[in-house]
Amino acid sequence: MENRVVNVAIQVLPMADSVDMYGMVDSAIAIIQNSGLKYRVTPFETVVEGEYSVVMDLVQRVQEACFLGGADKLLCNLKIQSHRTDKVLIEDKIGKYEP
């Protein structure tokens, strides 16, 4: 599983009394943008493509970014698509819809 190319949808919902949630989400997305992995930001989650172990490490860094940004609590929802023998690629699923 470790080297299998997967898609992971990451949704972070940081909670804090005195810090804007969207600023923390922006920090989390910046970590994803700087990861070097292929990704797509959508209104509800960000989908990342990469080797399973690399993406799981990224998920940990995304959560830490929210805590460093001021989150008191955090919900992190993941959806993982994998395949037994093939790579799971963003392009295969949505490429025909992109200009």
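Trainee: Starting with E98, is that residue buried, exposed or partly exposed?
Mentor: In this predicted model, E98 has a relative accessibility of 31% and therefore counts as partly exposed. Buried means under 20% relative accessible area and exposed means over 50%, with partly exposed in between, using a 1.4 Å probe and protein chains only.

Trainee: And which side chain does E98 meet?
Mentor: The side chain of E98 meets that of R40 in a salt bridge, at 2.8 Å from N to O. A salt bridge here is a side-chain nitrogen of Lys or Arg within 4 Å of a carboxyl oxygen of Asp or Glu. Helices (H or I, at least four residues) and strands (E, at least two) are DSSP runs, numbered from the N terminus.

Trainee: How many salt bridges does the structure hold?
Mentor: The structure holds three of them. One of these pairs E45 with K79, whose side chains meet at 3.3 Å, N to O. E45 lies in the loop between β2 and β3 (46-51) and K79 lies in strand β4, so this pair ties together parts of the chain that are 34 residues apart in sequence. E45 is partly exposed, its relative accessible area being 22%.

Trainee: Which residue does R61 form a salt bridge with?
Mentor: R61 forms a salt bridge with D57, and the closest N and O atoms of the two are 3.2 Å apart.

Trainee: Where do those two lie?
Mentor: R61 and D57 both lie in helix α2 (residues 52-68), where they are four residues apart, which is about one turn of the helix. R61 is partly exposed with a relative accessible area of 37%, and D57 counts as partly exposed at 38% relative accessibility.

Trainee: Before we move on, where do the numbering and the values come from?
Mentor: Residues are numbered from 1 along each chain as its sequence is written, and side-chain values use heavy atoms, with hydrogens and water left out. Because this is a predicted model, local features need pLDDT of at least 70 and side-chain atom pairs count only at pLDDT 80 or more, whereas totals for chains, interfaces and linings use all residues.

Trainee: OK, new topic: where is Q63?
Mentor: Q63 lies in helix α2, and with a relative accessible area of 27% Q63 is partly exposed.

Trainee: How far apart in space are Q63 and L13?
Mentor: From C-alpha to C-alpha, Q63 and L13 are 9.6 Å apart in space, although they are 50 residues apart in sequence.

Trainee: And H83, where is that found?
Mentor: H83 is found in the loop between β4 and α3 (90-94). With 35% relative accessibility, H83 counts as partly exposed. The C-alpha atom of H83 is separated by 7.5 Å from that of V6, and the two residues are 77 residues apart along the chain.
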